[in-house]
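Please look over the structure below before reading on.

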There are 2 protein chains.
Amino acid sequence: MTLSKSPYRGTRDFFPADMRLRNYIFKKWSEVSELYAYEPYDGPLLEEVSLYLAKSGEELINEQIYSFKDRGDRHVAIRPELTPTVARMVAQIHREVAKPIRWFSIPNLMRYERTQRGRLREFWQYNADIFGGGTLGEIEILQMAVSLIKSFGATSEHFEILVNDRRHVEMIFKEKVRANEEESKKLYKLIDKSQKIPHDKLVEELKLILNAPTREEAFLSYLSSKDVPEFLKQMQNSGLSEYVKFDPTIVRGLDYYTGLVFEIFDKHPENRRAIAGGGAYANLLQIFNEPSLEGVGIGMGEVPFTLFLTSHGLLPDFTKPEFDVLVAYTHPDAGTVAQKAAAILREANLKTELFLGEAKPKKIYAQTDRKNFNFVILIGEDIQIKNLKTQNVHKLKVEEVDKILGALNGN
Amino acid sequence: MTLSKSPYRGTRDFFPADMRLRNYIFKKWSEVSELYAYEPYDGPLLEEVSLYLAKSGEELINEQIYSFKDRGDRHVAIRPELTPTVARMVAQIHREVAKPIRWFSIPNLMRYERTQRGRLREFWQYNADIFGGGTLGEIEILQMAVSLIKSFGATSEHFEILVNDRRHVEMIFKEKVRANEEESKKLYKLIDKSQKIPHDKLVEELKLILNAPTREEAFLSYLSSKDVPEFLKQMQNSGLSEYVKFDPTIVRGLDYYTGLVFEIFDKHPENRRAIAGGGAYANLLQIFNEPSLEGVGIGMGEVPFTLFLTSHGLLPDFTKPEFDVLVAYTHPDAGTVAQKAAAILREANLKTELFLGEAKPKKIYAQTDRKNFNFVILIGEDIQIKNLKTQNVHKLKVEEVDKILGALNGN
């Protein structure tokens, strides 16, 4: 039987060029997180399903989760998001550690999705959370989000942060719309899809929920409001005014948000999509019978983020690997000298490819089209060190192989 | 209902100290791989089970694999090893790329194991493979293995590489033991467990397989042989003689090895275990209906490797995070200046924690017991920059916050 060479649907093979791109993004995400004194963490790939049942939205559990029974009959799932895991971990240690707790992670997650542009089944997601930081923590998460994205060369021309506050929305629902709890829940769902349906459809559905013209009007007036609410003013004073915009339609689907909610959007007209999102939650530790500890989190997926960078031409070229030296030999007896040269170069932290087996210079130089090297060293009757930038050639005797590093640095 | 705070059995929560250790190991593994011009890659978390059925050993499939049906009724498994994946990926591209292909990866893998010291259900494993490198590729993989381990400060006192060659064993089985194919298979299994059973038990089982005293004697003579076979001599000339030792009992359980086989052992008497293993295979691409391309691979798990480093005291202390500056304010109006100071420091690539909210110096300095900082900056009536190594204090006026970087560098 011949097996398929393709990866499982919605997952990817990361060939070296893809992997260099992924490493580039993850490295910057990690570096910026550490500039904000966030510490790295990770959780397990599998969690018991009960953890997600307690906190994730219904769609995630019923339609998107990869769950199964293990050989010991435990109902487990491949993590579809990291927030329940971080809550579980913080519940273990929050009594003993100083607050705020600042953590970040870049896990691989899986969701059973209909695959489409920007949406895959296996993907990586940057997660950062601050626990016990209050309103200043909310500001810090947004400042860090801006730094994360700017570190790739993006500016406020490329992205914007649309924010809202669930406390603000609650207040409007209660005082202006005079909605009860059940109505409020339905209104949240309606807001969540308000951008995706035509206005008359929205009005129609609204009528079914509220059935009172003045209340419907209060809701619609909220939905089109442009006045910057009080909660936003402090943010705008914290270097965020260029990036942050109030948007009454942002409420976030996930059940656990209780304060700030935000989504970061690509401004590119042909790639108008959310590249990150998050918010503040007060009660994530309750399911572990722990006192409440408020937190703020952000999630940013590598798939939409890569599309964002691509749409603005912000991605370097990762096609070829970057190495320092190609060492090769053109004489059958020179193999041992070539190995010695490679060992000396690697000892000096130079990325060194050893061409395996003796070969003609032409064949050896063909490698330099496929990979970026700074130097080629050919060992035959003598040792030739060629600087590929300057085309300078420096020669050593074969017995002088120990001097190769000096000769290379001087060339 | 109160949920458990513990991770799923056999998996781990990586709190920041654990994660710093993991990052330390992975970073060195990646750096050394790049010194040898190996390129990074990764495959999907899930593969279709048919891929493993084709090549992995029976024990893996029947007892250890996490497999299930997805929502589309495909039989998939969480990867228990990476070799089938790398073979699938190389099968896609090997016709177009220059050989040898040198790749490395550090995936998370899962196996349903009885958990014990050094054996967990979720673990990470360094994998490197060279395709199309011939015997020189075998030598290179072992040289790189030595460099990988030495980069952590280990020497030949701490580890050894036990090697054998399946071609050598085949030859002995055929010419000395005169075993047919079925007998050979049984003899491989017997060798594989020869270290774990008493000698008389071994002799007994051997009799059941061969039932001819001269042939049994030939087998036992092989098993106790100390003569270095021809295949090893070239290796010993390649800077490997300190590390490499012939061991007739090393044959490796996995079915796909056809040439060199090796295991790297911790020499510590209290932690005598394999920390890495691998070998050469000729026929991994056949299941994809591709022409054969020989390769050599190594796998090194982070769990046994960490035990190895621990047993020799080679692990740095990762308890506390290493940051550059703690910025705090002692006056309620100084929050904005503190934010500005933090922004300037981060712009200069300094890892900067901003203490959220005004506080007394005592409370602020308490942070420096829990995390390593080089500087503390207190903003109140003025800006105080304290160097925690020298205890020097430098002062600026609050209006001079823009000069903070110069003041810090001069302090």
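This is a predicted model: local features need pLDDT of at least 70, side-chain atom pairs count only at pLDDT 80 or more; totals for chains, interfaces and linings use all residues.

Q: Why is the pair B:E353 and A:R102 called a salt bridge?
A: A salt bridge requires a side-chain nitrogen of Lys or Arg within 4 Å of a carboxyl oxygen of Asp or Glu. The closest N and O atoms of B:E353 and A:R102 are 3.3 Å apart, so the pair meets the definition. The count between chain B and chain A is 12 salt bridges.

Q: What makes up the area buried between chain B and chain A?
A: Buried area is the accessible area (1.4 Å probe) that two parts lose on being put together, summed over both. For chain B and chain A this is about 7,400 Å², with 59% given by carbon and sulfur atoms. B:K5, B:L35 and B:R71 supply 11% of the area that chain B buries against chain A, more than any other three residues.

Q: Why are β14 and β17 of chain B said to stand at the edges of the sheet?
A: Strands (DSSP runs of E, at least two residues, numbered from the N terminus) pair if DSSP finds at least two bridges between them. The order in this open sheet is β14-β13-β15-β16-β17 (chain B). β14 and β17 of chain B each have a single partner strand, so one side of each lacks a neighbour in the sheet. Strand β16 of chain B pairs with β17(B) in the antiparallel sense over four bridges.

Methods: Residues are numbered from 1 along each chain as its sequence is written. Chains are lettered from A and ligands numbered from 1 in the order in which they are written. Side-chain values use heavy atoms; hydrogens and water are left out.
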